[in-house]
Structure formats: structure tokens, C-alpha cells
Amino acid sequence: MNKNKLNPECVFEQFAKINAIPRPSKHEEKMIAFLKDFGESRGLETIVDETGNVLIRKNATPGYDNRETIILQSHMDMVCEKLPECTIDFNNDPIETYVDGEWLRAKDTTLGADDGIGIAMELALLDSNDIEHGPIECVFTRDEETGLTGAEGMKAGFITGSMLINLDSEDEGQIFVSCAGGKRTQAIFRPKYEKDVNGMFFLKIGVNSLTGGHSGDDINKKRANAVKLLVRFIYQEMEKGLVRLGTLKAGGLHNAIPRDGEMTIAVPFAQKEQVRADFNVFVSDIEEEFHVTEKNINMYMESTDTEPLIAEDDSRKIILALQGVDNGIMSMCQDQAIEWLVETSSNLASVKTQEDGSVLVTTSQRSNVMSALDNMCATVRSVFQLAGAEVDTGEGYPAWKMNPNSRLTKIVVDTYKELFGKEPKVLGIHAGLECGLFAERYPNLDMVSMGPTLRGVHSPDERLLIPTVDMVWRHLLEILKKA
């Protein structure tokens, strides 16, 4: 990436440095060390808490000493997804970026702009000596993507400001003032296996090149789910005759719509040609069904080696559960002002045969209404419980409710109108933001979330719209002057 061609240069310079530092979720040690050195080398108060969150404080510039302290917040970890042929080691290798027209992309991997571009803006501000602002606290949380454990582990009193700007949103011109809460529900099947496979023909069925995306923000975009597609075909064939399961491996991260997967099945020799014919028809139907959102879908079937099979009764229970469990939108918001917003949803994120032979299924539920979230989790749990699985729902994270009297929201909206001559959209989002956890510990904290335009997050198609970075940067600087 030639950062000199990108504006604002100071932000993209920091972004390039960030993307040279490996920072997978739960493995942010190198990023923590970088941030600690960054603050201390500039003589700024720098604190690392017990969880690994980093706080860097910067005093007000002359004339702004009496202003309220503003907190700028982003998360330091990134979702590490790559194309099957990509050989990158996310624990050691840098992200390779390139400019594609007005977009910044990564070569065959996630870009890390979620939330590296937020970090870059904070570092550019901390590194500056010519930006007017009151006292600021720059907070960098760890492990946002796999459970928000950084924000969860932050103790009351770590931050002292009265207003917080979360830099983890993905649409320039949209100011978010509420978010969904979420929980993860996992099921473990412990099936019996049979090694006597006489008379059975083994097939591997797979899918790849799906669009995928964020399990909250993209759940309403009618994208195909790799797990659901594979199970849908297997269920169809099970209804016609004997189908047994072998190895299952589909999907990945709990907060991503699964893009690829493979499953091994076995059918009687006498059925194999009919199953092949059925698969061809199925693929044609799926391509037509998802012709708008999945233009590159690739489904395949091939014969494969024999392997131990899940017993017939257990195979049936697993297939029925995966076919029956909810995936997608459960309900839309009832408030007329935001009736376009998804209220409650569930994502069937992954299924995987583990080394001990058990089958682990991971799902995630979201809702802006906590009672509806609990009901969605119960709905998912009950399907797996009926099938005899061991099921657990984690504690999750809370929703963030809108503050109708927010002073910060007014400042953000007014400065946007002054800068760009148009109204920003003030919205809620069907994704989890750390603001919900901050609101629990700091109930009087005035918050908004904003950021430049990102697309394809949590997938190798992640891309950052370059001109919007400058717009958000200019907007942020104006907010710091007026707040």
C-alpha cells in the first residue's frame, strides 16, 4: 500500500503500521506492546489493565482545558478469515493491502479495517501537535470479535470521561446510538460410530465462494449459509432413503455467516446415481434461488474414502436438528422509527467433528430486546435438546439503549450538517458494540458510534471506501473542537 496517495495521510500511515502487527482475537499481545510503546515514547500517560485493554491519555491543547474529557474507543483485534488457497499465517504475517479504485482491500484475507481504521484515527490524533481538542482518553480494547471479553473485563474507573465516541461502525454518514445484545449457543452431540460400512458408497459434498459476512449487520441481506445449504440437501436425501453422516466441517467464526464447508455422507450403492442426479438438480435450484446474492456459488460432490460412520439413529437426529434450527431473521423492530431494523436473529455459524468424535455446533443470537434475545436462545436450545445434544448458552453481552437526551448526539449531528450540508442518519444497529458493556459500568456515559464505510467485513471481501476515511476524520476533529 502506498500510503502517500491516501488521505488523510496521517491516518493511513498509522493504519499501515497496524496491519504489520499480527492481532488475531485472543492473541493481541504484539498489538498491546506496540500501543504501550506508542504512548510511553510520546510522554503520554499509558495504562494497561489486567485484561489487556490499553488507555492512553492526552492533555487538552491550550484554550481547551475546561472542556469535558472525551473518550475515543476502538478494538485492537481483527477477524482472521482467508481464501482457501491463501497461505498467510495470521499469528506472524502482516496483512497485504492494495488500492482498488476508491477501495482499500487485502490480498486474499480480511483487511483488518474492522477496527484497525478506528485505531489509526486515535493514533493519528495522539501523534499530532496541531489538532485542537480538550482532554482525551484513547481506549483500545482486546478480543472484541470473539466475545467482547476486553470490554467485559474492564473495571469501573478505568476511563473517566463523560462522553465516548466508539469508532467501530461501518457506514459513513450514519451515527449509531443503540445496538443489539447477543449470546452464543453451542450444542455437542456425542454420537455412536459404526465401522461396518459394507454396501455403502461414500460421497463428499461441499460448497465454497459464498459471500458470507457479518452475522448481525448482514443477516438481512438474504445471503446463503454454507451449513444450511449442505444440511438442506442431506435432509432431502434422508427423506428418500438411508443417509449416514461421516465427518462434518462447515463454517468458522461465531459472528460470521459461513461461506464454505464440506460434509461426508454415505448412501447405499443402489442409491448413488440417484443421489448424484438429485444433487445436480439441487445445485441448479440453489443457484436460481440465490442468483442475486451468491453470484459465485460453487457446490460440488465427489466420491471419497471410507471412514467410520455415525450410527443411523444419531445421524438422523443431527440432520433433523441442523435442518430445523432457526437461522436468519426472527423479527423486525416494532418501533415505527426503526421498523426497518432487524430486532432478533440467529446465525447457524459452524458445525465441526472434533477429535474425540463429538460434533460441535455453534450458533449466535442477537436482539435489541433482551427478553426477545432470551427467547431466541431458548428456541435454538430446544431444537438441539430434542435431538439429545448437550446445550449451553453463554452469558453474552447487553444491548445498548438509545439516550433520547444525548448532548453528544446533538453535537455530532450539528457538526456533520455544518461540514457536509446534509443530515446524517441517526440509527440503531443489529450488531454488538462494546457500548452496551460500557453502559453497564458507566450508566451516565453519553455515547455514539461512527466510522468510515466498510463492506464485506468478517470475510476476505472486506474493503474500506477510502474517501469516507477523510470525511470521518474531518468530522471527528470538528467534534473535538465543539464538544
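Me: At roughly what angle do the axes of helix α1 (residues 9–18) and α11 cross?
Reply: This is a predicted model, in which local features need pLDDT of at least 70, side-chain atom pairs count only at pLDDT 80 or more, and totals for chains, interfaces and linings use all residues. Residues are numbered from 1 along each chain as its sequence is written, while side-chain values use heavy atoms, with hydrogens and water left out. Helices (H or I, at least four residues) and strands (E, at least two) are DSSP runs numbered from the N terminus, and axes are lines fitted to C-alpha atoms, for helices over the stretch in contact, with angles running from 0 to 180 degrees between N-to-C directions. On that basis the axes of α1 and α11 come within 10 Å, and they cross at roughly 115°.

Me: Are α1 and α11 roughly parallel or roughly perpendicular to each other?
Reply: Angles under 35 degrees count as roughly parallel, over 145 as roughly antiparallel, 65 to 115 as roughly perpendicular and the rest as oblique. With the axes crossing at roughly 115°, α1 and α11 are therefore roughly perpendicular.

Me: How many nonpolar residues are in the contact of α1 with α11?
Reply: Contact (heavy atoms within 4.5 Å) joins C10, V11 and F12 in α1 to I466, V469 and W473 in α11. By class, where Ala, Val, Leu, Ile, Met, Phe, Trp, Tyr, Cys and Pro count as nonpolar, Asp, Glu, Lys and Arg as charged, and the others, Gly among them, as polar, this contact has no polar and no charged residues, and its nonpolar residues number six.

Me: To which residue is N7 joined by a cis peptide bond?
Reply: The residue in question has its place in the segment before α1. The bond has omega of about 0°, and the partner of N7 is P8.

Me: What is the phi of K26, which lies between α1 and α2?
Reply: K26 is found in the loop between α1 and α2 (29–41). Although K26 is not a glycine, its phi is positive, at about 75°.

Me: Is the crossing of α5 and α6 left-handed or right-handed?
Reply: The axes of α5 (residues 226–238) and α6 (residues 272–289) come within 11 Å and cross at roughly 140°, which makes α5 oblique to α6. A crossing is left-handed if the near helix is turned anticlockwise from the far one by less than a right angle, and right-handed if clockwise. For α5 and α6 the crossing is right-handed.

Me: How many charged residues are in the contact of α5 with α6?
Reply: From α5, L229, R232, F233, Q236 and E237 meet V275, D278, F279, F282, I286 and E289 in α6. By class this contact has six nonpolar residues and one polar residue, and its charged residues number four.

Me: What is the hand of the crossing in which α5 passes α7?
Reply: The axes of α5 and helix α7 (residues 312–324) come within 9 Å and cross at roughly 125°, and the two helices are therefore oblique to each other. The crossing of α5 past α7 is left-handed.

Me: What volume does the largest cavity have?
Reply: On a 1 Å grid over the protein atoms alone, a cavity is a set of points where a 1.4 Å probe fits but cannot get out, and lining residues have an atom within 4 Å of a point. Grid points are joined across faces, edges and corners, and a volume is the space filled by probe spheres set on the points. A search of the whole structure finds four cavities of 30 Å³ or more, and the space in the largest is about 190 Å³.

Me: Which element gives the most to the lining of the second largest cavity?
Reply: This cavity has a volume of about 50 Å³, and its lining includes Q174, I175, M471, V472 and H475. The elements that give two or more residues to this lining are β8 (174–179) and α11 (466–482). With three residues, the element that gives the most is α11.

Definitions and conventions. On a 1 Å grid over the protein atoms alone, a cavity is a set of points where a 1.4 Å probe fits but cannot get out, and a pocket is an open set with protein on both sides within 12 Å along at least five of seven lines; lining residues have an atom within 4 Å of a point.
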